[in-house]
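Dear colleague,

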Amino acid sequence: MRLRVMLWLAIGLSVVLFVSAVAESKTTVGLILIGSIHDQGWSQTHYENMLAAVDMYGDDVELVIQEEVWDPMFTEVARDMILSDNVDIIFAASATYQGFIAVLADEFPEVMWEFTDPSVIEPKDNVRGYYVRLYEGNFLAGVAVGRLLAMSSLPDDSIVGLVSSIAFPLTVRNANAAVAGVRYGLGIDIPAKVAWLGSVSDNPWFNPEQEALLARTLISGGAVALNSTLDSTAVIEVAEDRSVLSWGITRDNTPFGLTTNVANSVIDWTAYYADRIQRLINDTWDAGSTWAHMLGEPRVELGPLGGFLTLDIAREIWALQEEIASGDFVVLPELSELELLTSMEFLPGLDD
């Protein structure tokens with residue numbers, strides 16, 4: 001009887017050791033989002049793309065997600081992921097998290113950190129920035145908008161309207177690229193005005209009611225086209241209701257503007273996330289930064305074109321996308337890489 005008990009104890013111990021070894025081999029990925037997984041924009045795209053990436057690994061990778069994490073909440077949420085969920089890597093989908101990560105990376109050197117900004121202010125062995133050149137797609141869609149506007153007679157007080165979040169280098173270069181694209185397509189330096197959601201909303205990225213109000217105000221001020229760099233579809237829907245051309249970023253907005261949404265600069269993070277997870281598993285994860293050009297990885301490209309575009313415009317846009325991707329055509333060529341990352345200066349004729 002004593003022998004049998006000892007035998008079962010030995011078997012039990014071996015099972016525990018085996019289970020522990022399996023548990024230790026599993027990779028746990030954390031994803032922290034600044035918005036909702038249902039925002040129809042930035043956060044929903046990261047959420048869906050990360051799910052697709054993790055799904056490639058089956059039971060070998062576990063995913064922990066926290067949505068709607070405002071900056072003051074980030075440190076607590078990240079610490080909880082590390083201490084309670086034993087995450088091996090955290091993907092933080094906001095540039096505004098970088099300052100908190102710089103501190104946490106020293107506190108938890110065994111955890112790898114990636115955040116969505118190509119500029120890593122404090123380089124560390126366990127920190128990486130990643131982003132796409134959204135401004136290239138915003139320019140390209142703007143060219144299509146300009147070509148369509150050139151086909152009609154515009155009122156003398158016409159402007160391009162932009163609805164954005166708060167003024168910082170990312171939003172400034174997106175605004176400049178959008179306006180440069182329209183001017184390239186239209187052939188004249190049409191004036192432009194940007195309205196900031198952050199001036200009327202505590203949430204500068206998602207407030208459909210206020211976004212719609214800003215869009216309608218711009219239209220009343222002469223906007224013949226609207227660009228949105230926000231997370232909801234409100235601006236696109238107002239443009240559709242008022243028969244004003246529109247374009248946006250991150251996702252395909254054409255279903256919300258069937259007769260007016262020209263095109264959108266669409267992002268897909270899936271392949272990037274899958275690759276970074278694999279590198280972590282292979283112990284080849286590396287610090288540094290990624291700022292991908294159009295059609296690179298992470299992937300940004302022009303989504304489906306509005307069905308009302310002419311074949312000639314469509315052909316020109318697809319050809320121009322290839323030129324941008326190959327480096328034969330440079331968007332905002334007057335700015336250096338450093339200026340693209342840091343400049344707060346608007347193009348002449350673009351006001352806020």
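The second largest pocket is lined by Ala-95, Gln-98, Thr-116, Asp-117, Pro-118, Ser-119, Ile-121, Phe-168, Pro-169, Leu-170, Arg-173 and Leu-341. This is a predicted model, in which local features need pLDDT of at least 70 and side-chain atom pairs count only at pLDDT 80 or more, while totals for chains, interfaces and linings use all residues. Residues are numbered from 1 along each chain as its sequence is written, and side-chain values use heavy atoms, with hydrogens and water left out.

A pocket here is an open set of points on a 1 Å grid over the protein atoms alone, with protein on both sides within 12 Å along at least five of seven lines; a cavity is a set where a 1.4 Å probe fits but cannot get out, and lining residues have an atom within 4 Å of a point. Points are joined across faces, edges and corners, and a volume is the space filled by probe spheres set on them.

The second largest pocket has a volume of about 180 Å³. Its lining comprises seven nonpolar, three polar and two charged residues, where Ala, Val, Leu, Ile, Met, Phe, Trp, Tyr, Cys and Pro count as nonpolar, Asp, Glu, Lys and Arg as charged, and the others, Gly among them, as polar. Helix H6 gives the largest share of that lining, three residues; helices (H or I, at least four residues) and strands (E, at least two) are DSSP runs numbered from the N terminus.

The largest pocket holds about 350 Å³ of space. Of its 24 lining residues, Trp-42, Ser-94, Ala-95, Phe-168 and Trp-205 are the closest to the centre. H6 (169-186) and strand S9 (245-250) each supply at least two lining residues, and the largest share, three, comes from H6. By class, 14 of the lining residues are nonpolar, seven polar and three charged.

Two cavities reach 30 Å³ or more. The largest cavity, of about 50 Å³, has among its lining residues Gln-40, Asp-231 and Arg-251. Its lining divides into three nonpolar, six polar and two charged residues. The second largest cavity has a volume of about 30 Å³ and is lined by Leu-162, Ser-164, Thr-171, Asn-174, Ala-175, Val-194, Asn-227 and Thr-229. Strand S6 (159-164) and H6 each give two or more residues to this lining, which has no charged residues.

Turning to the sheet, six strands form an open sheet in the order S2-S1-S3-S4-S5-S11, with parallel pairing; two strands pair if DSSP finds at least two bridges between them. S2 (61-66) and S11 (288-292) are the edge strands. Five bridges join S1 (residues 27-33) to S3 (residues 89-93), and Ile-32 stands opposite Ala-92 in S3. Helix H3 (residues 74-85) packs on the sheet, touching S1, S2, S3 and S4 (112-115), and its direction makes about 165° with that of S1. Contact means heavy atoms within 4.5 Å; axes are lines fitted to C-alpha atoms, for helices over the stretch in contact, and angles run from 0 to 180 degrees between N-to-C directions.

Finally, Val-145 lies in helix H5 (residues 134-149). Val-145 is buried (under 20% relative accessible area, against over 50% for exposed and partly exposed in between, with a 1.4 Å probe and protein chains only), at a relative accessible area of 0%. Leaving aside residues up to four places away in sequence, Val-145 touches Val-182, Ala-225, Leu-245, Trp-247 and Val-262.

With kind regards
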